[in-house]
Amino acid sequence: MDTLSNFYNLIVLPRSGLEWTKRHENWMLLFFLFVWAQAAKLVSGMLLGTSVFKSPLFLNYGFPALIGLALVGWVVSVSILHFFATLLGGHGGIMKFFYLWGWSFFPFIFFPLFAFWVFEIADPFRFIMVVFFFFWLLFFRMEIIAVNYKIGIGRAFMVLASPFLLLLTLSLFVGIVFFLKVVLGL
Amino acid sequence: MIVYYDMKSRITAVSILLFSFLSFLLGIRIIMQGTGGAGKGLSFVREKEKVAVIKVYGPIYVPDETSLLTGTKGSDRILDELKWVLKDPAVKAVVLRFNSPGGSVGAVQEIFQEIDKAKAKGIKFVASFGDVAASGAYYLAADCDWIVANPGSLTGSIGVLMGFPSLEKILDKWGIDMEIIKSGQYKDMGSMFRRLSPEEKGLLTNLVMDVYEQFVDAVSQGRKMPREKVLELAKGQIFTGRIARELGLVDELGNINTALDAAKRLSGIEGEAGIIKPRASSWEEFIMLFRGMEEKYGHIIELL
């Protein structure tokens, strides 16, 4: 097995691909893929007419700003997910997780392929393709958490969902209190 | 076997990565070429050129307050919406959808100025009449590049009026006197506690006629119609859409879709165009959930 063969595994057998990746750290390759993934996201976004490239951040500072933002997002995501993974009984190092989470951007390098070729050939199935891509990304990220913290896929899903559930609960609570206090004046 | 497996996986991985990279490069090339024109390139690749629809419903007036529940109102809302849609460089035309009996001069002229500014930047405006677009609403419509009305829409009412209620007789009957201390003889002109003097009526008539002249000028310039002809039609009478079409106050008979087609045609949009409608604020959307007011504003992008 080598790096190139492992790409195949990462695509079709993410668990074994990520296990191999965990054992063979290659930061240079990761950084290269990270930049490529961000560029691919940007190009796909522009092709699909999303508003990413209209954001003041991109208009003022260009692609480096998006890289910077993604790096910040990387650090923040790792910190939050490490907290919840540990809380839910996972055991794994944060630095190793930081490295592995970098690979969560890996599916994005295929985004232009989806955005361009797949959509062009099968435009009526665009929704299905988007859903497929979303679930692939979700599954890939769950596998990263499962591999790093040695937990089951179900618990890995809970780790990913927990921050959103917490945010949703807090928002609902604040929203209800606000509605009762300000709108209804109770 | 292991070698075969490695070769197979390598070839598959390389092929997928290569295709992804080629798609990426092709995507960059398309973006660099700027295939953004309507009808060019791949259908999903470019951002569609858009026609914005703004509703001018109800009396047009400058609001005296901003409601926490409904956000800006009156002419301020229309101005906000115009500003919002014109921020989008893909918007090439605006359809003003009227269902309004008119409104105050100041409010109408505030919107009128914004329309002129946008027109100077090349944005095309089309007026679409629903049930009624009279008086101040027609003032605005006249500034549009094209007017579409239903045969039975009511329009016209080109003119200005001003009125004050007078309680003088009631106060006399009840024996109530109102003591007014004023700095000048006209300061309480229009007060409901006394009738206007002939001199005051003359002053207000001049004022009304000045606004009327502005209205007539606006229609004359907007419709490219001789002033004399506008004066003939500007006696306050109302017309149906069909008669207005014969008189030259309306360009075309049709509905909102006719107006959207006209907007596309005037702005040179070929093929599909997106239609945008101003979006409500998040807060308004939140309130609408509770109030069932989703008809107020959509934030949808539909296909024309």
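**View 1. Helix 5 of chain A packs against helix 9 of chain A at an angle of about 105°, with the axes 9 Å apart.** Everything here comes from a predicted model, where local features need pLDDT of at least 70, side-chain atom pairs count only at pLDDT 80 or more, and totals for chains, interfaces and linings use all residues. Axes are lines fitted to C-alpha atoms, for helices over the stretch in contact, and angles run from 0 to 180 degrees between N-to-C directions. That angle makes helix 5 of chain A roughly perpendicular to helix 9 of chain A (65 to 115 degrees counts as roughly perpendicular). From helix 5 of chain A come Ile80(A), Leu81(A), Phe84(A) and Ala85(A), and they meet Val159(A), Leu160(A), Ser162(A), Pro163(A) and Leu166(A) of helix 9 of chain A. Contact means heavy atoms within 4.5 Å. Sort the residues of this helix 5 and helix 9 contact by class and you get eight nonpolar, one polar and no charged.

**View 2. Here is the second largest pocket, with a volume of about 420 Å³.** A pocket is an open set of points on a 1 Å grid over the protein atoms alone where a 1.4 Å probe fits, with protein on both sides within 12 Å along at least five of seven lines; lining residues have an atom within 4 Å of a point. The volume is the space filled by probe spheres set on the points. Of its 15 lining residues, Leu81(A), Trp101(A), Arg141(A), Leu160(A) and Phe164(A) lie nearest the centre. Helix 5 (63–87), helix 8 (126–149) and helix 9 (153–183) of chain A each put at least two residues into the lining, and helix 9 of chain A gives the most, with six. The lining has 13 nonpolar, one polar and one charged residues.

**View 3. Over in chain B, Glu272(B) sits in the loop between helix 9 (256–267) and strand 8 (274–276).** Helices (H or I, at least four residues) and strands (E, at least two) are DSSP runs, numbered from the N terminus. Residues are numbered from 1 along each chain as its sequence is written. With a relative accessible area of 37%, Glu272(B) is partly exposed; that label falls between buried (under 20%) and exposed (over 50%), using a 1.4 Å probe and protein chains only. The C-alpha atoms of Glu272(B) and Lys50(B) are separated by 8.9 Å, although the two residues are 222 residues apart along the chain.

**View 4. Stepping back, chain A has nine helices and zero strands.** Of its 186 residues, 45% count as buried. Chain B has 10 helices and nine strands, and 40% of its 304 residues are buried.

Methods: Chains lettered and ligands numbered in written order. Heavy atoms only, no water. Nonpolar A, V, L, I, M, F, W, Y, C, P; charged D, E, K, R; others polar. Parallel < 35°, antiparallel > 145°, perpendicular 65-115°, else oblique.
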